[in-house]
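The report below is meant to be read beside the sequence and the model.

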Amino acid sequence: MRTLTRLCPPVFLISALVLVAAVVELRPAMKAVRARLEKRTIALRRPFAEFSPAAMPSFVSTPFPVGIGAEHFREVGTDEIALVCVEPRGSTSPVDWVLLFATYYADPHCQVPHTPDVCYRQTGATVFRMRAVSIDVPGQGGGVLRIPTRALRINQREGNLFLMYTLSASGQFCDSRGRARWLLNWPGDRCAYFSKIEAVTPCNSDAEEPEAQQRCTQALSEALPVLLREYYPAPEDVRGR
């Protein structure tokens, strides 16, 4: 005992015992805290597959352009996909189509998928212009929501494109993966989900860009209120504990 005391002074032994006891006592408490803070899965109110162009009054459904079909959007890590091709009502141009593409990820532990600028580059396309654009979307009660988006010009062999996208992290919109990750990890929310919404249209020159941006802006401003009102989880089901 004298040797043990010489190697480990009483103060050290007492401190070690106190720490062990604290760990044993804190373990159940930490499990309770972890269980309370862990995000839960939450499903859509309606499947994205039910989204229809009929919900977009300024547009009508049109066939998918040659070389771009639903099969190009299958491998996105989720079965919750809204994919429609529309054109402005009354249009007679073959290149006024807009592809609206939305995905939903309910697993709170999933990684934020790549954004379109990364995805298109991986297919060999060139993203030569990208900028932040805010759009106004009708909100509930006659209000207006300011939605942050990213606008891209894309050159690719199949045809050049203009694209606008926004991200929804548990119901809050942003235009970057870093911001989306921060929102998804916010400890105050009961549930977590991630969604990406994009609108794509042909654009082959600077002169065509304003009209291409207008088509994408109009498509998003008509589709997003419907998604918020009928498809995404209600805010009260996501917030709080």
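What follows describes the nonpolar cores and then the aromatic pairs.

This is a predicted model, in which local features need pLDDT of at least 70 and side-chain atom pairs count only at pLDDT 80 or more, while totals for chains, interfaces and linings use all residues. Residues are numbered from 1 along each chain as its sequence is written, and side-chain values use heavy atoms, with hydrogens and water left out.

A nonpolar core is here a set of buried Ala, Val, Leu, Ile, Met, Phe, Trp, Tyr and Cys residues joined through side-chain atoms within 4.5 Å, where buried means under 20% relative accessible area with a 1.4 Å probe, protein chains only. The largest such core has 37 residues, and Phe48, Phe51, Leu100 and Ile197 have the most contacts inside it. Helix 5, a DSSP run (H or I, at least four residues), gives the largest share of this core, 9 residues. A second, separate core of 22 residues includes Cys85, Tyr105, Val112 and Cys174.

Rings of Phe, Tyr and Trp (its six-membered ring) pair if their centres lie within 6.5 Å, with planes under 30 degrees apart counted as stacked, over 60 as edge-to-face and the rest as tilted; by this rule there are 8 aromatic pairs. The rings of Phe48 and Tyr232 have centres 5.8 Å apart and planes at 70°, so this pair is edge-to-face.

| Residue | Relative accessible area |
|---|---|
| Phe48 | 1%, buried |
| Tyr232 | 1%, buried |

Ring pairs also link Phe48, Phe51, Tyr104, Tyr193, Tyr231 and Tyr232 into a cluster.

Terms used. Buried means under 20% relative accessible area, exposed over 50%, partly exposed in between (1.4 Å probe, protein chains only). Helices (H or I, at least four residues) and strands (E, at least two) are DSSP runs, numbered from the N terminus.
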